[in-house]
Amino acid sequence: MSKVVFAVIGAGWRTEFFLRIVKALPERFEISGILVRNEDRGREVEEKWGVKSYTDIDRLIEKANPSFIVVSVPWQLAPTMIQKLVDRGVPVLSETPPAPDLAGLIDLHKRVGRGGKIQVAEQYQYQPLHAARIDMVHSGILGSVTQAQISVCHGYHAMSLMRKLLGITYENAVISANRFISTIVDGPDRWGNIQEEKMVDSEQVIAHLNFGNKLGIYDFTNEQYFSWIRSLRLHVRGDKGEITDERIKYLKDFKTPIELALRRQNAGENGNLEGYYLKGILAGEKWIYQNPFIPGRITDDEIAIATCFEKMDQYAKGGPEFYSLAEASQDHYLALMVDKAAKTGETIKTETQPWAVR
């Protein structure tokens, strides 16, 4: 298996995920260069991670010679960077979302949607537990799936999972949503643990997306990503079974109910000396998911991101799409409409957008 060599534009919080993956799996991945905003930031990256930095995009492309470039910059800057890379014929893996609003998504589609070699790094579908759930749904064991309740991630990430679980592509939806404010003991966030106890407001958004014969239910508060007391929840219903978090119930036939657990198998626990990593996820005696990055000691989210990198490398070399600009635009559009419905209290009917017309 050849090494995946890529470059990155941006040196923020998300880029450190990429750097940790490379550090844990140097035989599988290499970051050949990072484009930074100034030389001081470049020196910080080089000293901490040992990766060459650049302040000029053309020099990055020439010297780093990547298979593709990851655009990991704020929403407002992403379309400009994507355009620059497409103009130079470089395959692009954009962070989510690729533009900040509907006007930006439509404009980006018009400019690069049909001619650029672009995919978007939507990793949630490849997180091990979600990947196992999606595999179970696609196996047909639940029968025809008509409902997915998503309380595991926000906005466009949740819309992506919802569509994957329901088998939705670009169908329109009728959306209603509400916001609810409550208080919660402050907890950790992306910058670390808190140092004192205090109460803060917590905003919850609950939305129904009615696709006609299929229903998506979105329920999330941002504390769920880090909170020690707010759980992640997911429920999928089909006419022959359902998944509730890590439990599967289905009918082998009309008189034979079966119940299984999705069980994580880790090396390195209870005296095991193989190392410390996820082996995979079992349902009964069957592997539903097997970790492709053994023996890397990386988190589930990093496993998912690494999966995006491998799929992007294959796409850049002529392989299939795995999460297109059109899909990413649709998911962000749905998330924007959920937000609008929650803010205004209006029921919103989505409209077919340019990227959905093939």
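How far is the sulfur of Cys-153 from the closest cysteine sulfur, and in which residue does that closest sulfur lie?

## Cysteines

In this predicted model, the sulfur of Cys-153 finds its closest cysteine sulfur in Cys-308, at 13 Å, which is too far for a bond. A disulfide is a covalent bond between the sulfur atoms of two cysteines, and here a pair would have to bring its sulfur atoms within 2.5 Å to be counted. By this rule the count of disulfides is zero.

Cys-308 is likewise in no disulfide, the sulfur of Cys-153, 13 Å away, being the nearest to its own. Cys-153 counts as buried, at 0% relative accessibility, and Cys-308 is buried too, with a relative accessible area of 1%.

The structure holds 10 aromatic pairs. In one of them, the ring centres of Phe-6 and Phe-309 lie 4.4 Å apart with 35 degrees between the planes, so this pair is tilted. Because Phe-6 belongs to strand S1 (residues 4–9) and Phe-309 to helix H8 (residues 300–316), the pair ties together parts that are 303 residues apart in sequence. Both Phe-6 and Phe-309 are buried.

Another tilted pair is formed by Phe-29 and Phe-293, with 5.8 Å from centre to centre and 50 degrees between the planes. Phe-29 is in strand S2 (residues 29–35), while Phe-293 is in the loop between strand S16 (286–290) and H8, so that this pair ties together parts 264 residues apart in sequence. Phe-29 and Phe-293 are both buried.

## Arginines over aromatic rings

Arg-14 places its charged end over the ring of Phe-17, at 4.1 Å from the ring centre. Arg-190, in turn, lies over the face of Trp-13, where the distance to the ring centre is 3.8 Å.

## Glu-274 in the loop between S14 and S15

The loop between S14 and S15 contains Glu-274, a residue that is partly exposed, with a relative accessible area of 42%. When neighbours within four places in sequence are left aside, Glu-274 is in contact with Ala-267 and Lys-279. From Gly-115, Glu-274 is separated by 159 residues in sequence and by 47 Å in space, C-alpha to C-alpha.

How values were computed. Residues are numbered from 1 along each chain as its sequence is written. This is a predicted model: local features need pLDDT of at least 70, side-chain atom pairs count only at pLDDT 80 or more; totals for chains, interfaces and linings use all residues. Side-chain values use heavy atoms; hydrogens and water are left out. Rings of Phe, Tyr and Trp (its six-membered ring) pair if their centres lie within 6.5 Å; planes under 30 degrees apart count as stacked, over 60 as edge-to-face and the rest as tilted. Helices (H or I, at least four residues) and strands (E, at least two) are DSSP runs, numbered from the N terminus. Buried means under 20% relative accessible area, exposed over 50%, partly exposed in between (1.4 Å probe, protein chains only). A charge sits over a ring if NZ of Lys or CZ of Arg is within 6 Å of the ring centre and within 35 degrees of the ring normal. Contact means heavy atoms within 4.5 Å.
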